[in-house]
Structures are given as C-alpha cells and as structure tokens.
Amino acid sequence: MTRNLDPTLLAFDQQLARGMLVTLPQTAEDPKAEPSVRALRFQYNPETVTRTRAGQWESKPGKTPEQTKVLTDGQRGGGLHAKSETLALKLIFDVTEALLRDREWAGTSGVLPELALLEGMALGKDQTGEEEKKPATKLVSLTPTELLLLLGPRTFPVVITGMTIVEQRFDTGLFPLRAEVDLRMRILEVGENAANSKVAQAFNNLRDQRREMEDLAAVKGADAQTLIAQALEPGLKSNGTV
C-alpha cells in the first residue's frame, strides 16, 4: 500500500494541485500486456523551476565564394545548433509530521522509499549500466526511465540526467527523516522520442499547448506592423506620422 505523506497542518482555501513524476515504459510487444506504471507525487511542490535552452551558432561556408554568399544571405550567416531543453527543480520529502501523527506509523524507513523510487527512475529498469571503454573517463552508460513530469496543466516528457540528494534529520536507526533532492532533467524533443509513441505524443501536446499560449501574448495584425515600423524608423509616431 502506498503511504501518504501529505501535510495536514497547513490549510488551503482550495485544493492544491501536486506535481508528479510518472514512468513511461517502452510499449510492450504484446498489445494485451499492461506495462507497469509507477508514479511519485510530490509531497511539496517546488518553489522554482529552471528551464534552460543552450546552443552554439555555427557558420557553414560554401565550397566557393559564391556559395558562401548564398548561405550567408539565406541563413543569416549560419545556423543555431541547439541542445534539448533542460529542466531543474528541488524536491523535499519529510516524514516528521507523519511520525508526530502516529508514533506507531510504519515510517521507520524515513524517506528512503521516496529516494529509492527516484533513484530507480534515474538508473533505469535494469539498474545497472555498461562501462564505457574509455579508461580516462570511467563513465557508465545508463538508460534512465522515460518519465512524464506533471506540473499543473503542463506535461513534460523527460529523463533524469542528474540528481543531488541531501539527507537530513536522522532517527535513532540512522534513517533520514527529511531529504532535499536537486533534480536535473532533459526534455525529450523531436528526434529523441521516436522509439516511444507515448513520449512523442506528450511532446506534441506540449508543443501545441505552447502555441496556444503564444496567441494569448503575441501582438498581431496592424499593431504588429506599427511596432515594426516604429522600430525601423525611430522618429515615427504611433499614428504613423513623423
């Protein structure tokens, strides 16, 4: 039975939406088979979510000066080689309140169950990796579980790429009663989700949702044309006169 760590000492006027990580196993070969799905609901929502997209601008010279000029004119002098968007947040798990509610509560394992589920998601199904043949790096190749990160109305298809766990407040059995986890994840975008149709669908839904949000913020039509004219001709007033 899944234990409940929901805090009860805090009262809200309305129900609080909780973030969640849900596993997305590979599609089973047998269509009748139901792949096991695990979910970890956040005890406390993260205070901040940091999303980063980085890339490198590269120019592609042609074989001849004429080709270089065509590429420069047509591609703004080069192109952006961007990496997938990354996402970072901090999770907190704390069983102190649960222990105060019930001294006989089967929570003597502290927050280790929640940490174990997170670590399993980061390591992947096999929980082991293959050591790469690079003695200088000593890296192990892992296949982390594909996940859905649910943050309110948004759903991100992700894999965990980094995790820092700080265990705190140990009991007499040296079980941590509280832990802070810094999670770093990579969003699975186009070209990275072809093997799992559910991941591809999640990213397409996220992309469509972003386009809908764009329409709420974008200045369009005649107003947009006026703004462009003002930017190109600083002396131009809002009514189009100088």
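The questions and answers below concern a predicted model of one protein chain.

User: How many helices and strands are in the protein chain?
Analyst: The model is predicted, and local features are taken where pLDDT is at least 70. Within the protein chain there are five helices and 11 strands.

User: What share of the residues in the protein chain is buried?
Analyst: A residue is buried when its relative accessible area is under 20%. The protein chain has 242 residues, and the buried share of them is 28%.

User: Of the contacts with a separation of 6 or more, what share is between residues 24 or more positions apart?
Analyst: Contact here means heavy atoms within 4.5 Å. Counting contacts in the protein chain with a separation of 6 or more, the share from residues 24 or more positions apart is 61%.

User: Which strands pair with β1, and in what sense?
Analyst: β1 covers residues 20–23 and pairs with β2, residues 39–41, over three bridges; in that pair M20 stands opposite R41. β1 also pairs with β9, residues 147–151, over four bridges, and there V22 stands opposite L148.

User: Which element gives the most residues to the largest nonpolar core?
Analyst: The largest nonpolar core has 30 residues, and L21, L118, M121, L149, F156, L183 and M185 have the most contacts inside it. Elements that give two or more residues to this core are β6, α2, α3, β9, β10 and β11. The element that gives the most, with six residues, is β11.

User: Which residues is L21 in contact with, leaving aside neighbours within four places in sequence?
Analyst: L21 is among the residues with the most contacts inside the largest nonpolar core. Its contacts include R38, A39, L40 and F42.

User: Which elements give two or more residues to the lining of the second largest pocket?
Analyst: The second largest pocket holds about 350 Å³ of space. It is lined by 14 residues, and T2, R3, L40, R41 and E114 are the closest to its centre. The elements that give two or more residues to the lining are β2 and α3.

How values were computed
Residues numbered from 1 in each chain as written. Predicted model: local features only at pLDDT ≥ 70, side-chain atom pairs only at ≥ 80, totals over all residues. Heavy atoms only, no water. Buried < 20%, exposed > 50% of the residue type's maximum accessible area, 1.4 Å probe, protein only. Pairing = 2+ DSSP bridges. Core = buried A, V, L, I, M, F, W, Y, C linked by side-chain atoms within 4.5 Å. 1 Å grid on protein atoms, 1.4 Å probe; cavity = no way out; pocket = protein on both sides within 12 Å on 5 of 7 lines; lining within 4 Å. Points joined across faces, edges and corners; volume = space filled by probe spheres on them.
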